[in-house]
Amino acid sequence: DPRVWEGRGARRGGAPMGMGRTGSTLARVIVALSLAAMVWSGAEAAVTVTNLEREVDLTADSVVVASAITIKNDKGGSNLVDFVWCPLELVKGKKLIWSEFDQQDQAGKDATRLEWKVEGGDCMRVSLAGALSPGAGTTVEAYEVYASDLVPVPAQIRQSDKQMVGISNFEVVARDPANLAIESQVTKFYLPSSNVDFYTKVKPSQLKGKEVVYGPYGADQASSLVDLVFERPEPMLEISSVVREITVSSWRDVEVREHYHVKNAGPKFSDGFSRVEFARNPAPYIANQLTMRVPRQAHSLFLVDVLGNITTSNARFGQDAVEVTATPRFPLVPGWQTHFTFGYKLPKRGFLGADPERPGCKRLQLEAMPAIKGILVRNLTINAAVPEFSADVEGGAVASTAFFTDEDPFRTVKAGTATKKWWLDISGRPVRTLELSELSAEIADLTFYVSYRFNDIMEFKEVFMFLAAWLAAFLAATLWSRSDFTLVGPKSKKLKAT
């Protein structure tokens with residue numbers, strides 16, 4: 001709620017909002033009691049983290065947290081092979097979208113991607129690249145993406161004002177005593193502008209240009225929730241919903257149609273939008289272009305806008321991708337939204353092939369993210385229709401981790417079936433549907449697949465239907481030409497003689 005920011009000037013330099021300070025003595029008592037409870041109950045001892053350095057990037061479409069975790073094996077005579085990481089304990093109040101872990105080698109040059117599995121509902125047990133001997137240490141890098149919860153501050157501005165946004169209640173003292181014993185930590189915020197209107201001061205903390213640094217803090221540092229208000233020059237665009245309709249033809253291309261609902265979530269204009277003011281002084285947070293990127297094999301591109309807002313578009317065919325730029329007649333002013341459909345076709349070659357896991361089946365695999373890049377997607381629906389009379393149809397998301405699969409503990413992945421009527425269909429095409437929420441442009445390897453079994457003889461279904469229709473028309477024309485539908489027969493010769 002933007003109202004939480006009211007009166008922030010009176011709190012400038014004061015205690016963080018919504019935070020009750022506790023003394024260092026009480027913090028030590030809490031940590032000691034937690035450790036004693038774990039020892040008494042026989043629970044697994046917390047892993048020692050000698051240093052935790054977090055970098056919070058607020059310049060992207062999501063909140064990106066990159067953490068450098070320096071781990072030391074203090075378990076005595078046993079090796080350390082894994083550790084438990086609970087992202088919702090360390091970053092409270094945020095919705096996790098994606099997470100990856102890499103471990104640096106001793107030289108610090110190469111990194112190894114680490115595997116993890118769900119632990120205790122919303123935690124992750126991360127396996128190290130190799131067993132860590134007693135007394136040894138290593139550095140693990142965690143890359144996490146959270147849904148953006150930036151709010152305009154204030155909620156309404158004039159067109160000539162700057163766009164200010166804020167993030168609230170971010171915990172800069174990460175603590176998870178049940179799993180991690182953090183001895184020292186630093187949290188850095190990277191902002192899109194050096195124009196910072198307010199930030200909660202927790203000693204030690206400092207503002208350096210586009211960077212706000214909190215720490216270093218020791219193990220006895222009290223909990224500290226901070227708020228930041230800063231300028232964001234870029235548009236706060238987000239895709240409220242997008243429906244991707246993928247149709248696999250039996251003998252033609254793969255057609256993709258994307259139905260968009262895009263809005264600008266920035267502060268609304270209190271005095272309305274002036275095109276004259278925009279031409280004289282265009283604000284950078286007003287979006288006047290939308291860019292789509294599709295595979296380089298794409299062809300037959302089209303845009304459909306029922307309202308007629310998007311009237312100009314340009315396509316550039318590159319070596320890696322096809323980039324389409326659409327210019328709306330009315331720019332996306334903060335608080336405005338637009339609906340349109342973008343579509344293209346892809347050749348089967350390179351996207352459709354034999355399924356290596358299911359002999360005799362075909363498999364189509366495409367990128368799950370829509371063509372518009374760099375914008376947070378709140379809701380994504382994928383409807384993949386395979387050729388009619390296909391059997392054993394399966395589909396779903398493919399990711400390197402448990403995210404966006406049935407094992408995802410942080411969201412509900414909805415999958416279903418349906419039937420779609422298309423040209424020259426008799427009973428309809430089988431459809432596999434997938435509904436996902438909160439997708440960021442930072443997700444790189446998320447794909448969608450559909451696998452099905454199809455008899456190749458059915459590729460000629462349309463040909464047989466055309467031949468049958470032609471034969472029926474020919475027989476009907478023949479019968480018509482040879483039939484006599486007159487109601488009165490010819491007069492007899494007798495009557496003609498008289």
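**View 1. Contacts across the whole chain in the predicted model.** Among the contacts in this chain between residues at least 6 apart in sequence, 75% join residues at least 24 apart. The model shown here is predicted, and its chain holds five helices together with 32 strands. Of the 498 residues in the chain, 45% are buried, while the accessible surface amounts to about 25,200 Å², with 54% of that area belonging to carbon and sulfur atoms.

**View 2. The disulfide between cysteine 86 and cysteine 123.** The chain has one disulfide, in which cysteine 86 is joined to cysteine 123 with a distance of 2.0 Å from S to S. The two cysteines are 37 residues apart and link distant parts of the chain, since cysteine 86 sits in the loop between β3 (80-85) and α2 (87-90), whereas cysteine 123 belongs to strand β7 (residues 123-132). A disulfide is in general a covalent bond between the sulfur atoms of two cysteines. The torsion about the S-S bond of cysteine 86 and cysteine 123 is about 105°, and the disulfide is therefore right-handed. Cysteine 86 counts as buried because its relative accessibility is 3%, under the 20% cut-off, and cysteine 123, at 12% relative accessibility, counts as buried too. Cysteine 361, with 3% relative accessibility, also counts as buried.

**View 3. Strand β3 and its pairing with β7.** Five of the six residues of β3 are buried, so this strand is largely enclosed by the rest of the structure. Strands β3 and β7 run antiparallel and are joined by five bridges. Within this pairing, phenylalanine 83 stands opposite valine 126 of β7.

**View 4. Nonpolar cores and the surroundings of phenylalanine 189.** The largest nonpolar core contains 104 residues, and the members that touch the most other members are Trp85, Phe189 and Phe404. When residues up to four places away in sequence are not counted, phenylalanine 189 touches Val56, Leu58, Phe170, Val172, Lys210, Glu211, Val212, Tyr214, Val226 and Leu228.

**View 5. Serine 193 in its loop.** Serine 193 is found in the loop between β13 (184-190) and β14 (196-199), and it counts as buried because its relative accessibility is 10%. Leaving aside neighbours within four places in sequence, serine 193 is in contact with Lys210, Glu231 and Pro233. From C-alpha to C-alpha, serine 193 and glutamate 211 are 8.9 Å apart in space, and they are 18 residues apart in sequence.

**View 6. An open sheet of three strands.** The strands of this open sheet follow the order β21-β24-β23, and their pairing is antiparallel. Strands β21 (290-295) and β23 (310-317) form the edges, each of them pairing on one side only. On average, and with direction ignored, neighbouring strands of this sheet are turned by 20° against each other. Six bridges join β21 to strand β24 (residues 321-328), and these two strands run antiparallel.

Notes: Residues numbered from 1 in each chain as written. Predicted model: local features only at pLDDT ≥ 70, side-chain atom pairs only at ≥ 80, totals over all residues. Heavy atoms only, no water. Pairing = 2+ DSSP bridges. Helix = DSSP H or I, 4+ residues; strand = E, 2+ residues; numbered from the N terminus. Axes fitted to C-alpha atoms, helices over the stretch in contact; angles between N-to-C directions. Core = buried A, V, L, I, M, F, W, Y, C linked by side-chain atoms within 4.5 Å. Buried < 20%, exposed > 50% of the residue type's maximum accessible area, 1.4 Å probe, protein only. Contact = heavy atoms within 4.5 Å. Areas by Shrake-Rupley, 256 points an atom, 1.4 Å probe, with all protein chains shown as cover. Disulfide = S-S within 2.5 Å.
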